[in-house]
Amino acid sequence: MSYKVTRANEAVKYEAPGHFDVLTTRLHNPAEVNEGTIVHGLSHFLPGGGANVAPANFEMIYYIISGEMTVTLFDENDQEQKYVLHAGDSVHFGKGTKRGCLNTGIVTAQMMTIMIKPQA
């Protein structure tokens, strides 16, 4: 199939390893379109919810739809950098980048995640 439309009520809930106080949903998977490489998700983080620091398995983009997320990234010298992101902000990082995130706001934060899987 060369395209896939996903309605809001068709998002698939799943458990993301290392995540806490969050509802994670999958909107699109690579197998759903010809030669697809993109995984697209939407996460709803409660205040204090987040994801533990871990290396990224894929190239990724985080886009904040609403709320506040503090994203922790580590550079090639393992130096920690923290970025407070708000609605409309995004961060793009490569495979292997150590990263984590935490909802440091007072309301539920919505974050869109795009993962680019390499073609086999």
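A nonpolar core is taken here as a set of buried Ala, Val, Leu, Ile, Met, Phe, Trp, Tyr and Cys residues joined through side-chain atoms within 4.5 Å, where buried means under 20% relative accessible area with a 1.4 Å probe and protein chains only. The model is predicted, so that local features need pLDDT of at least 70 and side-chain atom pairs count only at pLDDT 80 or more, while totals for chains, interfaces and linings use all residues. Residues are numbered from 1 along each chain as its sequence is written, and side-chain values use heavy atoms, with hydrogens and water left out.

The largest nonpolar core has 17 residues, and Tyr-62, Val-71, Val-91, Phe-93 and Cys-101 have the most contacts inside it. Two or more residues of this core come from each of E3, E4, E5 (68-74), E7 and E9, strands being DSSP runs (E, at least two residues) numbered from the N terminus. Beyond its neighbours within four places in sequence, Val-71 is in contact (heavy atoms within 4.5 Å) with residues including Tyr-62, Val-91 and Cys-101.

E4 runs antiparallel to E9, joined by seven bridges, and antiparallel to E7 (residues 90-93), joined by four; pairing requires at least two DSSP bridges. Tyr-62 has Thr-113 as its bridge partner in E9 and stands opposite Val-91 in E7.

The lining of the largest pocket comprises 26 residues, with Ala-16, Pro-17, His-19, Arg-99 and Met-115 nearest the pocket centre. A pocket is an open set of points on a 1 Å grid where a 1.4 Å probe fits, with protein on both sides within 12 Å along at least five of seven lines, and lining residues have an atom within 4 Å of a point. E3 (38-55) is among the contributing strands and gives the largest share of the lining, nine residues.

Technical notes. Buried < 20%, exposed > 50% of the residue type's maximum accessible area, 1.4 Å probe, protein only.
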